Each structure stands twice: as structure tokens, then as C-alpha cells.
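I opened my notebook to look up a few things in this structure. My entries follow.

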Number of protein chains: 2
Amino acid sequence: MRASAFHISTIKEAPNDAEIASHQLMIRAGMIRKLAGGIYNYMPLGLRTIRKIENIIREEMNAAGALELLMPVVQPAELWQESGRWEKYGPELLRIKDRHGRDFILQPTSEEVITDIARNEIKSWRQLPVNFYHIQTKFRDERRPRFGVMRGREFTMKDAYSFDRDVDGAMQSYQAMFDAYHKIFTRLGLNFRAVAADTGSIGGSSSHEFQVIADIGEDLIVYDPRTDYAANIELAAAPCLIEKRAAAGQDLCKVHTPGAATCEEVKNLLSIDLSRTVKSIVLATEPADSDPQIWLLLLRGDHDLNEIKVGKLAGFEEGFRFATEDEIKEHFGSPPGYLGPVGLDDRVKVIADLTVANMNDFVCGANEAPYHLQGVNWGRDLPEPLLVADIRNVVAGDPTPDGKGVLNIQRGIEVGHVFYLGTKYSEALKATYLDETGKPAFMEMGCYGIGVTRIVGAAIEQNHDERGIIWPRAIAPFEVAVCGLGWGKSDAVRETATKLYEELKSQGVDVILDDRDLRPGVMFAEWELIGVPIRITVGDRGLANGQVEVLGRRESNAELVDLPDVVARVAAKLSSRVT
Amino acid sequence: MRASAFHISTIKEAPNDAEIASHQLMIRAGMIRKLAGGIYNYMPLGLRTIRKIENIIREEMNAAGALELLMPVVQPAELWQESGRWEKYGPELLRIKDRHGRDFILQPTSEEVITDIARNEIKSWRQLPVNFYHIQTKFRDERRPRFGVMRGREFTMKDAYSFDRDVDGAMQSYQAMFDAYHKIFTRLGLNFRAVAADTGSIGGSSSHEFQVIADIGEDLIVYDPRTDYAANIELAAAPCLIEKRAAAGQDLCKVHTPGAATCEEVKNLLSIDLSRTVKSIVLATEPADSDPQIWLLLLRGDHDLNEIKVGKLAGFEEGFRFATEDEIKEHFGSPPGYLGPVGLDDRVKVIADLTVANMNDFVCGANEAPYHLQGVNWGRDLPEPLLVADIRNVVAGDPTPDGKGVLNIQRGIEVGHVFYLGTKYSEALKATYLDETGKPAFMEMGCYGIGVTRIVGAAIEQNHDERGIIWPRAIAPFEVAVCGLGWGKSDAVRETATKLYEELKSQGVDVILDDRDLRPGVMFAEWELIGVPIRITVGDRGLANGQVEVLGRRESNAELVDLPDVVARVAAKLSSRVT
């Protein structure tokens, strides 16, 4: 490709709504152009990267035995009603009507359609296992699309669905996809982590996210740097930090704490450690056919509530909310900020975090403003909690599950997800096969997604500097740019640059020849912004010694290379992890 | 690919709604599965063909210098309002609302979005010409989707858009696409014809359709078998068949024609040739601020009206309709069936087809039921027509434009279209560039579509027999099937078939190994239905002589080939046009 025949369109300033580096750089480099909120045109430069990502995914999915097909963007409502997601899916599911008034949706994923295909196509255990995937346009009508391709509304996703005879088979399919994902993200050149994850609304009981490590990531990853252990903070078990509850050492005492409504403020006022305070959080559930149930959840002052964990407790599965001020007043006789577990009647059910349950001599609200209680002890000053459970987020420094190290936390961008679905969809859509005894059985399913377009953003978040993008070789729009200095003036430059370009191309290098006769500064800045891994500069000065400059995108000093050695040098640099 | 690891799913009977061969065969071969009316899943087998088609298109588009990008399926209404198509496009344009109530459409084509891109990206004449294309999902909400992928609602289309500085440039871009399309359809292995076409509602003044010749085609192609001349019947000029009007030879005479309300019936009743009769068609236009205008159009009895041609006449550009019975009664004093041009007052404007204008002694309705006039002559019995114009369809046997031969007519399926658009969209969306003098000028545009999914259906219509599909090599889902007979029993069969399969694969042949241990009849019928160009049968009987059977899909007798010669024989057969 010659630059003069390609559409290169870099811009100096990113628009104001581009908040993060990848969004800014994708626009500045000319990879995407916004069409509407969360809807982008992929310009020729951006599409090159997209296609390389798709091809790597396709190769590894095929190698893992998955079969590519293509399911439509527009899908009939009936199937979504059968699965129940027509009702359950929120407004992110874009519902549309055709000219005859029939209901359709724009697919956010394709569990329903693939299960419909399976129930029609698969009759016998002999046809199992099978794993179908497609790489297709998805639509999710995000309330607030942002971060460019990271949280767009229209995007490209690879979604795969496995069908097996039994749980053992499903676990093998799951593992095959888990392994394929490792290969895919490794080949893409990303720094990633496979993380145990919550299964969310999609259901099922086993799930891993593939997270690209990046500071702007929306997910918190808890990991043990010494082992394989990694889990999304939503799921990561937070251990009890106090092995055994110590005996009471202090008397119960009510202290005047004006203006101190948070644990932090109480800690400062009383000059105690935050780890001696207990935080009260009041939740409400609404059981069918009875009044709302009020719950008091207790956390150590330096810990935060994990709502995902709460949602799995008995009584909370159908949903919960924070209690209203009126409900709090009625049950605690006090405004928020001074609440605690002492002296409650039995209408309030108390749940203590594992650590809180083993605390002694702690500080909590007095259920009277502006007072707190000091020297509070379980058993003596209040009954034991109704339930002791892990309801908090892990914090950095917590012990690892094996007790031998401490947990770290980092941020990640979810780019892949493997799910064991079980029979959730096959039961809803009655997708059965005949087993070896001739009896119908529900197919065991798994689903496996990769956000193709999101990978572009994630890769840039992980690989950029103040000058622009730094592409991993595998997904760079071009691997090498050959820049001719003084193109219009020097025959030697034109001839040598063109010859190098042709040689590299014949060696299978994805190379672009910059024949635009631009000023060197402009040309170099553009290729640095675009992030091409290697730049070769051909100029009269170097040619006088039979040399050209070869510069890796991460390097600051170009290397002078003799002309006969250039192709080999470029190949060696491209093969190294760091260019 | 091994058949046991692929999803082969043929069925015996096509569903009732599959009316044409390609629709029936695509379902029977397991290429597509219906999800909703006009919306299909592409199964793994079907997708293989789709991808091969896409790749050929992509290679030739790139070779022609076009740049691939990707525009979204969901597009904001604003751009369509700017172009005016939001109002003008009928109910095929699926209009949707997002969660915030904002209007969007699902793209049927992308003129608006690409013109928006061009006006933002292209500032200077130095950036022109440029040709952008994408291969993307399209949606047209057809009232009555049918014929499978031939007239679906969701489908894949390649659409390209060229931008030039002036008309000369646009014509060069047009010609480059015209040539690329020739290469594409030739590589696809299709029997096609490039046909001059009407520009329809999209506007512009130059247009060619690429039509795949097939009896079920919806388009009629007029062509000269001796030359390049070919045109859609909508556009094809229908010459005057009578060089010079002869003098009147008969007296005007009113004849009683009870029960004869059509030219055919009159011809039979009066025992005259149909070419002596004149057909009367009454149309109405509705000019702004005045009463409807009634028009009488006259055609020879054996000719049909061409509404596209009528729509281009002065006074008809804004649309027209057939006159109502009341309007006919009021203006002609007679019910339909007995109408004619004699004795009308000047409220009715008369247009004669070129041929009618040169007829003498003709027969037409008497404007009185049940009578016709015989021996009618222009000038003597009625005034010369207000307008003489080509308003009929060509019929087979009409003289060619050069007068040296006769026109033929065949049916075609439109699979590609090249359009010169001019400045229709660039003016509507104010897409200008600065010319060499620094002045803004509208970009000259062209647009170029290929129906990717429709090609599959068209290829099958052109290539099938009673046993199934007969694929052109380039788009066959597999080029060769190696079938092992008695797979489960014979080590020799398994080993030889596997070895042949591996050898062919290593030679770049797209081969599938049928290791399913099916009965020969079932297996052979399946590959014939699927339409794989070459089948190799490996059985113990042949192996006893060191031979296997090689059979082209169009052949009835297999060839026995010595094992060492098989790969070369297959390569030779694949290279020939006919397998």
C-alpha cells in the first residue's frame, strides 16, 4: 500500500467527549469517526486492525474445532419471549417493529437464536458436542455510551455457543474455549489475565473473564502475584481478618460525636484506628405478600459492601434496595450516620461480615444522633448476628486464599468472557437431543464472547505514550512504514524506498510506503501517532553511506542499517516482543 | 476439514414456502435456515460460500484502488433527513427509535453516511479521487420477502462510493468499477451480462446492472447477440417498426364488436393481425393547483406500456396513475375496452408510441360500447398526436439499434449495479472540496453495489440439476470431497483416504474428508446435493488395483485414477471450466 493511495487522516486535537487515551488516539489517528453516540465509522486504518483481530480469533476458534456461521442482526421477538429475556432484559435491548408491526430486536447476543438452531438441527447424541460461533454486529442501547469503542452501542463481537451431552462434556468445551482464549489474547500481544467472574444475569455457574490490564479499566481484579489465582472483585472471596474473637476488654460507653457521621470522621474524632469501627448499611427487600423486610449489614469501617455477594444471600435473590430515610427512622429511631446494631427490636435482621463477627470492643452508631457507642461486644451488649457472611470487597493486602501471601488489586478491561450456561436456555427453548438410550435430554450449553472492537481500545490503553499508539505487531494496521525524505527531489530516495517496500512486501511484511512528499517532522509525527511498530527512513544523507534508518516505535534512537541487511533486521525486530 | 467435525445437515424436502430452485436447494443442502420472513441464518456450509464471494470482491475492489471501511448498520435519521430520503424512501426503510426516542434507520445503503464522511474528511482536490467501500449487513423491510436470499430483508451487500473532482474523473471511477465488476463476476464463475439500466429513484444519469442470466430472474434483459448491446427492458429503446406512414387505403368504418374489449379479442373477431390494432391506455397526472390532467397513450396491440419511459416524459416526472372509471367515462363517454383517439375534445392529451404514429388503416375503440373503428388514419380521421414517443417495451424480434439484427430477450437476476450519481448527494449534504483555485466545488459521486448473499442464490439458479447444486469452483463451500467407503471396516480405505486428503490440503485444495462411515448412496447423494465440484471415492475394490474414483459434479461416469496421479488429475479438473 502506498500512502498516497490510502486514506490517512490524522488530526491534532481529539474532540471534548473523548475522555480516555484510546478514544482520543483512535480519533486522532483517523481509525474511527463518530456517527452518533456510541456508533462509529471504522475508517480504512481502523478496519485493518479490526480485520487482523478477527482473523486471529477465527483461526484459533477453528483450531479449537468451533464452526463459524452467521446469525442475523435483526431477530424475532418470539424467541426472546420464549427465553424470558424479552421481559427481563433492560432498555439496552433495542426493540423494534417491522412494517407489519411485528416485534423484533437488534441482537445484543444470540443465545436464543443459536438454541433455536440447535433444537432444530441436533437430534441425536451422535451430533454432539458441537460449538458454533459467529463474528457479527451487536447492538446494546447503552444509556450513556462512552469511551469510544470501549462502551459503544453498535459493536462487533465474536460469540460462540457450545452444546454437549452432559456436564462433563460441557466442562471440556469450556476448557477448550478457555485455552483458545489464552492463545488468542497471547497472539494479539496483550497483557491480560483470566479472572474468575460472577455469572451475572445470564445465569449459569462457572465463568471467567479475560481482562486486559489497564488503569482506566472498569473492573477490579483481585489476584495473587505468586499463583494463578485471579478473580473479579465482584466474586473474589474476602476472608475473615480476625482468626478468633477476643474477649471484651472495655466497658460499653456512649460518646458524644457531633458532626461525625462516617467511620472516618468518628475515627478522627476519637483518635482510634479505622479497623475498630463498624459501618452500618440498611437494606430493604420486598417479599411477595408482606411488608418490606429491613436488614442491617455490618462492615468494618475500612471495608466496602459487595452488592453482588449480598444478592446471592437467602432473601436477597429477588433483588434489594437501600432503605428509605423513613424506614430507617422507623426502625432505628435515628437518622442515618448514627446507626448501629445495639438495642434493635427483632423486626431488623442483622448480617455481619466475617471480620465484623470476630471483632471485640468495637465502635458503632448509638441509634441516637449525635452519639456513638464504644467498647461494643457481641453477646454481652447485643445478640449474636442472625447471619455471618462474606459481604465485603477484598482490599489490597488481604491474605490470599491459601493464606500464604497477600492479594493485589489491579484494574482491567473485560475483552472476553467464557460462561458455563448449563441448561438455562435449552430448558427454556426445549432444546433436547436423544441420548444413547433413545431418551430426550436437555443439551448442556456454554457461551463464549470476545469484544472485537473493544480489543482495539484495550490494546491502545495498554500500549501508548504521549506521541501516540504503540501497536502490538499482530494488530498494527501496518507493521512497517517506509518513509522517503525529499520524495519529490531525490531519485535515489524514491528508487531505494520503493525497492525496500517491494522487498518487504514480498517477504510477507505488511508495509506502507510513504510517498506523500511530506516534511519529515509531519510525516514522523503521523506514523508515531498511528503507532506503526517500525519506521524505516530513507534519505539522501544515509544513502550516501548505503544506509537507512530503522526505528522501533518504542525506541528513541534510530539504528543505521546497511541496505542489504534491512529486510533481515526488520524481520528480527518484528519477531521480538518489543519494537 | 473432516465431515465428522463439520455440521452437515441436509434435508429431503424443502419447505412449502421455497418456490424456486435456489431457495429449495440452499435449505435442502443445509446452507441457510429461516429465522423469520426474509431473515436467514447462514449455516457453516453457507457461510463458506459467502466468505469466498466476499474475498473475491474484496481482492478486486482493492486491486481497483478502492479502500475498505465499515459504516454502521444503525444510522441517525438526521443525515437521511438532510438528503431527503427520510421522507422519500418507502416503508422498506426500517425506521427505529432508540431508548431516548431518537430516530434511527437500519441502513439499506449508505450514501448519506459516506457523503457525511467525505464532507468531513476531504478538504482539498489533492485528496481526490477516492473510492470507499464496505461489505456490511443491509436491511430492507420488503413487503413480501421471498425467494430465499434472493429477496430477503436482512442481507449482505458490498457498496462502494467514489468521489471525484469533476465529471471526467467520475466517469473514470465509474469505468474502473465497471471493469472490476467484470473481473469479479468472471472470477465467481457466473454467466452474466452488463446491462444499461434505469437510474430509478436514486437519481443520476448513468447506470449499468450486472445481471446473472437465469429463467427465474425478475429482470428482462434486451440484448443483441451479435454485439455488446444489452439493456434492461425498462431502459431499452424500442424503435419505430414502420419506417414511413403509408397513405390511407380504407374508409373509416364503425364495426359492432360485442364482447371484444381487448385488442386480442378484436383481432379474433375481425380476423385481422394484432399489429393492425391500437391499444388505448388512459393515465392521469395531478399538477399542483389544477385539476387532474387526463392522457391517452396509444400502443400497438401487440406491445406493452413501459411505465419507466412514461415517467420521464414532460408532465409525468412527478408521478402518474391510471385514470379512474369515472374519469374515463367523463372524458371518453365510454367504458374502458372501447376507447380510442377519435373524436376527443382537447381536455385529453394524446401520446402515440413511435410505431403507432406511423400506422395507417388501424383499428381502435370507437368511444362507444360495443364498437370499434376500422380504417382509422392520422390526419384524416383525427388530429396528429400531441406527442410521439417511445413508450413501449421492446419485444423479441425488434430490430437492434444498429438496424442490422434482431433483439433477443432473456431473464436476469441483478447482482451488481454501478451508478453515476453526479452531485445529488454532495449538494444535499453540502460535500465540497477546495479546487486548485481555492474555490469550493461539489464532489462528483458514483455508487457501486454488489448483492453478496444474492449471488449465492443466483449462482445456484444458474448451476443446478435434479440432484442438487453444481458450484462454480471459486465459490464452492468445498472444492473436493474425499469419500471413504466402508470407513469403519477398512484400514486401507481410512489410510488412503486420509493420505489423499492431506496431500490435497497441502496443495491448497479446499477439501473435506468424509469419515462418517455412511452408506455410499446416502453419502453420494449428500455431496451431489451440496454440489461439491469433485468427489473422490476411495473403496477396497479400487484400491485392489491401486486406484480411486474421481467424478466431476457434471459428469455421470467416474474416472478410475491411479493413486500417484490423483492430485494432478484433481488439479487439472479444478482448473477446467467444467467439472
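**Entry 1: how the copies relate.** To superpose copies, I use least squares on the C-alpha atoms of residues with pLDDT of at least 70 in both. A rotation of 180° with 0.0 Å of shift along its axis puts chain A on chain B, with an RMSD of 0.1 Å. The two copies are therefore related as by a two-fold rotation axis. I looked for the C-alpha of chain A nearest that axis and found A:I96, 3.1 Å from it. I also noted that 100% of the contact residues of chain A recur in chain B, so the same surface serves both copies (contact means heavy atoms within 4.5 Å).

**Ground rules.** I am reading a predicted model, where local features need pLDDT of at least 70, side-chain atom pairs count only at pLDDT 80 or more, and totals for chains, interfaces and linings use all residues. Residues are numbered from 1 along each chain as its sequence is written, chains are lettered from A and ligands numbered from 1 in the order in which they are written, and side-chain values use heavy atoms, with hydrogens and water left out.

**Entry 2: the interface.** How many residues of chain A are in contact with chain B? I find 52, and they meet 52 residues of chain B. The size of an interface is often given as the accessible area lost when the parts come together. Here the buried area (1.4 Å probe, summed over both parts) is about 4300 Å². Carbon and sulfur atoms give 60% of that area. I also looked up salt bridges (a side-chain nitrogen of Lys or Arg within 4 Å of a carboxyl oxygen of Asp or Glu). The rule finds eight across the interface of chain A and chain B. A:R153 and B:D98 form a salt bridge through their side chains, at 2.9 Å from N to O.

**Entry 3: cis bonds.** Most residues other than glycine have a negative phi, and most peptide bonds are trans. I checked for exceptions. The bond from A:A369 to A:P370 is cis, with omega near -5°. The bond from B:A369 to B:P370 is cis too, with omega near -5°. Where does A:P370 lie? I place A:P370 in the loop between β18 (362-365) and β19 (371-376) of chain A (strands are DSSP runs of E, at least two residues; helices are runs of H or I, at least four; both are numbered from the N terminus).

**Entry 4: a positive phi.** A:S271 has phi near 50°, a positive value in a residue other than glycine. I find A:S271 in the loop between α7 (263-270) and β14 (278-285) of chain A.

Methods: Buried area is the accessible area (1.4 Å probe) that two parts lose on being put together, summed over both.
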